[in-house]
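Take a walk through this structure, one group of residues at a time. Begin with the aromatic rings, then turn to the nonpolar cores, and end with a sheet.

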Amino acid sequence: MQQQRYCPQIRHHTPVLFLLIKHSTAGWRVTYSSTKVCALRGSTVVLRCTYSYPSTTTVQKSFWFTKVQDRKKVDLLTDSQYTGRVTYSSKSKDSTLTITNVGNSDSAVYKFRFITTQQRGSYTSDPGVTLSLTDLHVKVGTSIFSSSWADLTCVSSCTLPPHSSYIWFKNGEKIPRKTSSTYSDYFNNADSYSCALQEHQDFPSPPVYAPKLPSVSVSPSAEIVENSTVTLTCSSDANPAANYTWYKKNGNPDFQPLSKGPELVFSSVQSSDSGEFYCAAENDLGRRTSEHFISDVKYAPKLPSVSVSPSAEIVEGSSVTLTCSSDANPAATFKWYKRNQTPQYLHEGAQLVFNYIQPSASGEYYCKSENKLGRKRSGYVSINVKCE
């Protein structure tokens, strides 16, 4: 009767499933215990297998491999990816593969191969052992009774043994006498929590914590010009990842949100979009709001208007002031003209003042407003000076 042997298993937490996978041909055999192994990133993995062959031959070489190049199996001891991290240990017809500091690139199917003195006497067992990598992470749940109470669970995509012992850390310090996969505590915005397996406390989960102070960036970073597309982006360091909400400071006591999501997009920004904006970053462990971002939308002058003071009848020798005004950002400069066959330039400034007006000043006047983004001309205003 053939003897059954068992392999491989992960040293630290994967339960050994005694599922015999055999490929046998006239006394040639390699036996694995499981086709799948899951390990924590950074930990050490041990794979074992047993093998047999006819008594009339002798093993010359045995090795583990994951790659085939030029139709040759690449011994892990010669694979640069594993340099300094792989060792073999053999005893009788048992082979042990140890891989230290496993990482994502080590996810592969590992197979054992042995070569004997017999002609064509090499043997590889399929399907091999599939190694996948995982991390611990902390799942956060909050209480409906208290916004500052958190229920934390240390979880992994691997199925961990039911009696695994855990370590919990608060703000980087080990929490005494907490060894289960769950932990509950009051928290504040400055607290962080992580977990690890007792036998692998050097490989803790990423910490979970409330959002840090959010920052707001604007694109494009140059000045904001009317009718352009402008995007405000809110970002905050947080784990679990933060959800974002945008607000505009406008005196509304209810502070109704403008939108949700990390970006606030103005596809055609208008002068009315000038103002102070801020965002809030929130996860299950807390909420923080950003500093205010001042949106100062630049635009060309709007249509200028002209007023005359006094607005009553204009009498020779009186003082008369014409005023030009135009909404613009940056502020507009103004120039005055009198309507003739050839426009007559008169003055630069928001006001055109006649300290002692004469009948010859009668006529039609207009102004031009201008900034670096454009210019506009007003309509005509008529002045009729009465003689005394």
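**Rings, cores and a sheet**

The structure holds 19 aromatic pairs. Keep in mind that this is a predicted model. A pair of aromatic rings is described by the distance of the centres and the angle of the planes. Take Y247 and Y278. Their rings are stacked, with 5.3 Å from centre to centre and 15 degrees between the planes. Y247 belongs to strand β22 (residues 243–249), while Y278 belongs to strand β25 (residues 275–283), so the pair ties together parts that are 31 residues apart in sequence. Both Y247 and Y278 are buried.

Other rings gather in a cluster. Ring pairs link W28, Y32, Y51, Y53, W64, F112 and F114. One of these rings, Y53, also has a lysine at its face. K93 lies over Y53, at 4.4 Å from the ring centre. Elsewhere, Y337 has a lysine over its ring. The charged end of K368 sits there, 4.9 Å from the centre of the Y337 ring.

Now look at the nonpolar cores. In soluble globular proteins, nonpolar side chains tend to be buried together. Here the largest nonpolar core has 24 residues. Which of its members touch the most others? They are V30, L47, W64, L97, Y110, F112 and F114. Two or more residues come from each of β2 (29–32), β3 (36–40), β4 (45–52), β8 (94–99), β9 (108–116) and β11 (129–134). The largest share, 4 residues, comes from β4.

Leaving aside residues up to four places away in sequence, L97 touches V45, V46, L47, W64, L76, V86, T87, Y88 and Y110. There is also a second, separate core. It has 21 residues, including A150, C158, L160 and A210.

The last stop is an open sheet of 3 strands. Their order is β29-β31-β34, and the pairing is antiparallel. Which strands stand at the edges? They are β29 (305–309) and β34 (351–354). Each has a single partner strand, so one side of each is left without a neighbour in the sheet. From one strand to the next, the twist averages 15 degrees.

Look closely at one pairing in this sheet. β29 and β31 (residues 320–325) run antiparallel and pair over 5 bridges.

Key:
Residues numbered from 1 in each chain as written. Predicted model: local features only at pLDDT ≥ 70, side-chain atom pairs only at ≥ 80, totals over all residues. Heavy atoms only, no water. Phe/Tyr/Trp six-rings, centres within 6.5 Å; stacked < 30°, edge-to-face > 60°. Buried < 20%, exposed > 50% of the residue type's maximum accessible area, 1.4 Å probe, protein only. Lys NZ or Arg CZ within 6 Å of the ring centre and 35° of its normal. Core = buried A, V, L, I, M, F, W, Y, C linked by side-chain atoms within 4.5 Å. Contact = heavy atoms within 4.5 Å. Pairing = 2+ DSSP bridges. Axes fitted to C-alpha atoms, helices over the stretch in contact; angles between N-to-C directions.
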